[in-house]
Amino acid sequence: MRVSVVIPVFNEEDNVVPLADELDRVRAELPELEVVFVDDGSRDATPDRIRSCARRLPFVRGFRTDRNCGQSAAMLAGLRVASGEVLVTMDGDLQNNPADILGDDLDMLGGALTEPKAGDAGVALARLQRAAMDFRFLY
């Protein structure tokens, strides 16, 4: 089963590499893991760190918004480009343990994203449309 982990980041230069390395350990048990970092217009070295991870770890993809549009819009952009059958979202601040993706007590892999119901992602979608956000590959 292909699993995509979508991670919006903003000024997280110190967290990108450790997070990617933790997800690399998860990949040992989920060989079809894809990690999608979405840089939301960071003004630090976050884009460079994502680019470095993508070169070193082939399952990492990086995208960058043309300006800061907010976490919800960045998350939605990542969900749109993710290729997994199952989509997992995670913050980039190292507050989520990537190993929890595999945890038996957490049903994180219990189902895939389906057609949204009324109201799902409404705020993110409205904000994305208002921002006229564009994103591009980092590498």
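User: In which helix do Arg25 and Glu22 lie, and how many residues apart are they?

Analyst: Both Arg25 and Glu22 lie in helix H1, three residues apart, about one turn of the helix; helices here are DSSP runs (H or I, at least four residues) and strands likewise (E, at least two), numbered from the N terminus. This is a predicted model, in which local features need pLDDT of at least 70 and side-chain atom pairs count only at pLDDT 80 or more, while totals for chains, interfaces and linings use all residues. Residues are numbered from 1 along each chain as its sequence is written, and side-chain values use heavy atoms, with hydrogens and water left out.

User: What makes the pair Arg25 and Glu22 a salt bridge?

Analyst: The closest N and O atoms of Arg25 and Glu22 are 2.6 Å apart, and a salt bridge requires a side-chain nitrogen of Lys or Arg within 4 Å of a carboxyl oxygen of Asp or Glu, so the label applies. The structure holds six salt bridges.

User: Why is Arg25 called exposed, and why is Glu22 called partly exposed?

Analyst: Exposed means over 50% relative accessible area, buried under 20%, and partly exposed in between (1.4 Å probe, protein chains only). Arg25 has 52% relative accessibility and therefore counts as exposed, whereas Glu22, with a relative accessible area of 31%, is partly exposed.

User: How do you know that the salt bridge between Arg56 and Asp21 links distant parts of the chain?

Analyst: Arg56 and Asp21 form a salt bridge with their closest N and O atoms 2.9 Å apart. Arg56 lies in helix H2 (residues 46–56) and Asp21 in helix H1 (residues 16–27), 35 residues apart. Arg56 counts as partly exposed because its relative accessibility is 43%, and Asp21 counts as partly exposed at 23%.

User: What makes a set of residues a nonpolar core, and which residues have the most contacts inside the largest one?

Analyst: A nonpolar core is a set of buried Ala, Val, Leu, Ile, Met, Phe, Trp, Tyr and Cys residues joined through side-chain atoms within 4.5 Å. The largest has 23 residues, and those with the most contacts inside it are Val5, Ile7, Leu23, Leu33, Val35, Phe37 and Val60. Helix H1 gives the most to this core, with five residues.

User: Which residues is Leu23 in contact with, leaving aside its neighbours within four places in sequence?

Analyst: With contact meaning heavy atoms within 4.5 Å, the partners of Leu23 beyond those neighbours are Val5, Ile7, Leu33, Val35, Phe59, Pro98 and Ile101.
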